[in-house]
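Subject: Handing over a structure

Hello,

Here is the structure I promised to pass on to you. Please have it open while you read, and my notes on what turned up follow below.

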Amino acid sequence: MRKLSVSSSRRAGPVLLRAPLLALVFAGAATSIAEPVAAMAPSASVVPGDAAVQAAELALGGGDCRGAAERYAALSESRRDTRIARRAVEVAVSCLHLPAAWRSARHWERIDPENVEALRAAGLVALELYRLEDARRIFASLLSKPDVEADRALAELLPLVSEGDDAHAAWRTFDVVVDRAAINDATRLALAELAVAADHFGAARSLAESVVERDAGNASALRLLALLRAGADDASGALEAARRAVEADPTGQRFAVVEVLIELGRNEEAHRELERLLDDETVRDDAERRLALLALSSGDLDEARRRFGERLQRGAGSAEAFFYLAVLAERRGEKDLALQSYLRLIEAGGGLLPRVRAASLLIDAGRSDEALKLFDDVPPSSRDDPLDIAIARSNALLTAGDVRGSLAAVDAALARHPQHPQLLYHRAMLLVRSDRLREAIRAFEALLEQRPDDPTILNALGYTLGDNRRRLARATRLVERALELSPDNAAIMDSVGWLRFRRGDAAGALPLLERAYRISRDAEIAAHWAEVLWSMGDRAGARRVWAQALVRHPDSEPLLESFRRLTGQILGPVTPLDDAKP
């Protein structure tokens, strides 16, 4: 389900619903989903003339976001003033200070328990902190209010909490509190999308099927069902549902068949279908874009370059086309051209991704100071998340060989955003990558205490133990528990399969690794799958996996390392792999 699920990488952070909080808790306020948290303006009108409020606002205006959040949290708890409570939550959420946000949101809920906005705020902060019992209690209370229309409330909540790397916290909450018999088809589909994001494909399929049973022509449900069937390798069922979706909504679902073909790995057929759609003026631009992306993912760099170049010349999706042309230049070894292109995108406000890629090229060229400056010079008007910037800077320092500086960077971010789970997770991963395993294991154990039954943390701890051949029995229990909680998560399947292989069960590992790769197309999973095939004597199969994965990830160190180690050969940048070679 690559087109529907969010990234399930083992290295992705835990659930972070920052944008939904800003959008839902304070719709219409100074801060919105479209504005950076750093741009939140002080508000002197919360309680005019109140010295304590003014002190908190002065701290905020002076750039002391943490201090402002903590001042407001303490002030809120000392009063029964809903204006201060609301502002306290707003400031803490905008400053990404989750402990202060929980203190303030919980107090707001206590003093104004009938206020839907207060309940929504407390529930969303509880989700971020993985306080599932609190979240269930709060959202159950919200949905039971006589003046709350459940379908309307869930129409706002479900699509937004489906975003993020770990939507299972939201799934485990709303799967419990939502009465499926009392919701309409649109809400059922939103709940199904949340199930997909949480890697519960079976539950999502059941919900989609229930909609189709009630409305055989529901095009959105048919498309979702088609993709779920494709993810389960039910090719005929997937294509049948996709064609029905197109028939039901020829405009909105024009690409349903193409999406299913790509999900099934039938790229040549998808290519032909997209070429056919070029004759339709109403979808030509989208078809051209999809053809360019398909060429890139299929490894046809010449076609990708031609198509993105044509789009750039026509001014169609110029920023995206320029970015991918830079990626293609980088893959062809034209690093100076790629770097200049990324720098131009940065000057034009192109976001964090060009900065990350430019920094990598600068570090490779021995220009680490210039690389780090890219993360120090992000303008205040940037829409990039401050946590993402801090993590990107930390990663750049690690790539440059400055382990101490990398850890210091994330520690500095933690000083600004205390106890933030994404930063704590990243710090633990840095310790793993720095071979400080004892410290890493302690860090993951501490996170697990805070977020029990979080499959991301269970998986990270279990994989770290098992990959380093430590406490294999406990490692296996951890990752298997993670898979119970998130049964279609590719990274967790990979962990379970890899630990089975580590314990001598290659045959038991193989189907898990194969399915994990088909769901994710992840390079590290491909390396594991190829290694298991190689160990079982299927050398041709292993080479096919390496070849297919390297088309997508030509610079993947896990893939290249496994190939070198097992074959004894060095794979150059243009060296083809002979799939038939024994």
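Let me start with cysteine 65 and cysteine 95, which form a disulfide with their sulfur atoms 1.8 Å apart; a disulfide here is a pair of cysteine sulfur atoms within 2.5 Å. The structure holds one disulfide. The torsion about its S-S bond is about -80°, so the disulfide is left-handed. This pair links distant parts of the chain, 30 residues apart: cysteine 65 is in helix 3, while cysteine 95 is in the loop between helix 4 and helix 5 (98-111). Cysteine 95 counts as buried because its relative accessibility is 2%, whereas cysteine 65, at 24%, counts as partly exposed. (Buried means under 20% relative accessible area, exposed over 50%, and partly exposed in between, with a 1.4 Å probe and protein chains only.)

Before going on, some background. This is a predicted model, in which local features need pLDDT of at least 70 and side-chain atom pairs count only at pLDDT 80 or more, while totals for chains, interfaces and linings use all residues. Residues are numbered from 1 along each chain as its sequence is written, and side-chain values use heavy atoms, with hydrogens and water left out.

The overall picture: the chain has 32 helices and zero strands. Both are DSSP runs numbered from the N terminus, helices being H or I with at least four residues and strands E with at least two. Of the 582 residues, 55% count as buried. Among contacts with a separation of 6 or more, 57% come from residues 24 or more positions apart; contact means heavy atoms within 4.5 Å.

Just after helix 2, glycine 63 has a positive phi of about 90°.

Next, the aromatic rings. How many aromatic pairs does the structure hold? There are nine, where rings of Phe, Tyr and Trp (its six-membered ring) pair if their centres lie within 6.5 Å, with planes under 30 degrees apart counted as stacked, over 60 as edge-to-face and the rest as tilted. One of them joins phenylalanine 323 and tyrosine 324, edge-to-face at 5.4 Å centre to centre and 70° between the planes. Phenylalanine 323 counts as buried because its relative accessibility is 11%. Another edge-to-face pair is tyrosine 425 with phenylalanine 444, at 5.9 Å centre to centre and 65° between the planes. Phe308, Phe323, Tyr324 and Tyr342 form one aromatic cluster.

Finally, arginine 355 lies in helix 20 (residues 352-364). At 8% relative accessibility, arginine 355 counts as buried. Leaving aside neighbours within four places in sequence, arginine 355 is in contact with Ile346, Leu374, Phe375, Asp377, Val378 and Pro379.

Enjoy exploring!

Best wishes
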